Amino acid sequence: MITTPTPISSSHLHPPLGSFAAVRQLRRRYPPLVNLGSEEHYQNNATKYWNNFYKRHKNKFFKDRHYLEKDWGAYFADDLCGTASPNGKVLLEWCHFMVGCGAGNSIFPLVWAYPKLYVHACDFSPLAIELLKSNVDFRGDRVNAFVCDVANDNLSDEIKPSSVDVITLVISPNKMPLIVQNLKKVLKPHGVVLVRDYAIGDFAQVKLQDRNQKISENFYVRGDGTCSFYFSEDFLSNLFSRAGFTTVDLNIYCKRIENRSQNVTMNRRWIRAIFNNSGCNVPDGDLI
């Protein structure tokens with residue numbers, strides 16, 4: 001098996017794709033649907049489908065993700081994250097908000113890597129938050145985990161306005177402009193939004209397209225009822241610029257994976273972007 005490396009690690013939304021076992025796992029998750037429902041149906045029932053997903057897979061589907069510290073470590077460095085009080089205790093002053101945190105597979109590596117970091121984490125799946133809090137490594141003094149639909153709920157009810165330094169997120173296609181405006185309420189004037197998600201032309205999108213599981217433009221439903229959106233650079237840039245953000249970096253990264261013994265080739269594509277709010281100072285070395 002041959003993989004062509006790129007500067008970005010494998011997606012936080014899928015298991016690492018470096019073996020035929022991973023190919024089979026993708027195929028099991030993308031069986032064709034006999035009766036394809038409407039976009040409204042899947043939007044309105046997203047919580048149910050994701051709860052069923054976590055009920056079935058628990059926290060075993062996704063392996064721990066280290067892409068945040070690998071790709072954007074400059075935004076979480078310990079010299080940014082806190083200071084020491086007179087008694088030597090660390091004051092957690094650098095605040096990260098993770099939207100769409102799932103069962104915490106991206107949270108725990110980040111908390112381990114940066115002991116001075118405080119994390120707010122939300123997901124619209126109550127079962128995902130339950131799994132996160134039941135993890136033996138969960139620490140309530142480092143992570144504030146709560147159920148929230150960022151398209152409809154007011155984030156200021158859970159997080160102090162203008163208190164977050166860095167936001168990472170998985171964007172739901174439902175009411176995207178409202179989501180971005182909601183995030184802006186809790187982000188500091190110098191705060192940063194880091195986005196890493198599927199890009200148009202990804203292997204998974206092609207498979208879903210071949211199975212006629214498209215429900216709207218670049219929006220697809222999987223066999224288990226969960227959905228995924230595939231972003232273009234123009235779409236994502238316009239989404240944030242209309243909300244008053246400045247684009248710092250925006251690129252599509254590709255990874256070609258071949259399994260010659262099984263005659264399988266996968267072209268994985270992810271979009272990575274950095275947006276700042278009102279003239280944020282960008283750390284050196286963030287564009288790798």
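Me: Buried means under 20% relative accessible area, exposed over 50%, and partly exposed in between (1.4 Å probe, protein chains only). How many residues of strand S5 are buried?

Reply: Take the setting first. This is a predicted model, where local features need pLDDT of at least 70, side-chain atom pairs count only at pLDDT 80 or more, and totals for chains, interfaces and linings use all residues. Residues are numbered from 1 along each chain as its sequence is written, and side-chain values use heavy atoms, with hydrogens and water left out. Helices (H or I, at least four residues) and strands (E, at least two) are DSSP runs, numbered from the N terminus. Now S5, residues 117–123. Six of its seven residues are buried, so the strand is largely enclosed by the rest of the structure.

Me: What is the overall inventory of helices and strands?

Reply: The protein has 10 helices and 13 strands. Of its 288 residues, 52% count as buried. Contact means heavy atoms within 4.5 Å. Among contacts between residues at least 6 apart in sequence, 71% join residues at least 24 apart.

Me: Which strands pair with S5, in the parallel or the antiparallel sense?

Reply: Strands of a sheet pair through backbone hydrogen bonds, either parallel or antiparallel. Two strands pair if DSSP finds at least two bridges between them. S5 pairs with strand S4 (residues 94–99) in the parallel sense, over six bridges. It also pairs in the parallel sense with strand S6 (residues 143–147), over five bridges.

Me: Where do the axes of H3 and H7 stand relative to each other?

Reply: Two packed helices are described by the angle between their axes and the distance between the axes. Axes are lines fitted to C-alpha atoms, for helices over the stretch in contact, and angles run from 0 to 180 degrees between N-to-C directions. The axes of H3 (residues 46–57) and H7 come within 7 Å and cross at roughly 35°. H3 contributes Thr47, Asn51, Tyr54 and Lys55, while H7 contributes Pro126, Leu127, Ala128 and Leu131. By class, five are nonpolar, two polar and one charged. Here Ala, Val, Leu, Ile, Met, Phe, Trp, Tyr, Cys and Pro count as nonpolar, Asp, Glu, Lys and Arg as charged, and the others, Gly among them, as polar.

Me: Which residues touch the most other members of the largest nonpolar core?

Reply: In soluble globular proteins, nonpolar side chains tend to be buried together. A nonpolar core is a set of buried Ala, Val, Leu, Ile, Met, Phe, Trp, Tyr and Cys residues joined through side-chain atoms within 4.5 Å. The largest one has 40 residues, and Phe97, Ile167, Ile171, Val193, Val195, Leu236 and Phe240 touch the most other members. Helix H8 (residues 176–186) gives the most, with five residues. Another core lies apart, with 25 residues, including Ile107 and Phe138.

Me: What is the strand order in the open sheet with S9, S10 and S11?

Reply: The order is S9-S10-S11, with antiparallel pairing. S9 (214–216) and S11 (227–229) are the edge strands, each pairing on one side only. The twist averages 30° from one strand to the next. S9 and S10 (residues 219–221) share two bridges, and Ser216 has Phe219 as a bridge partner.

Me: Which phi does Asn212 have?

Reply: Asn212 has a positive phi of about 60° although it is not a glycine. Asn212 lies in the loop between H9 and S9 and is exposed, at 61% relative accessibility. Ser162 also has a positive phi, about 55°. Ser162 is partly exposed, at 42%.
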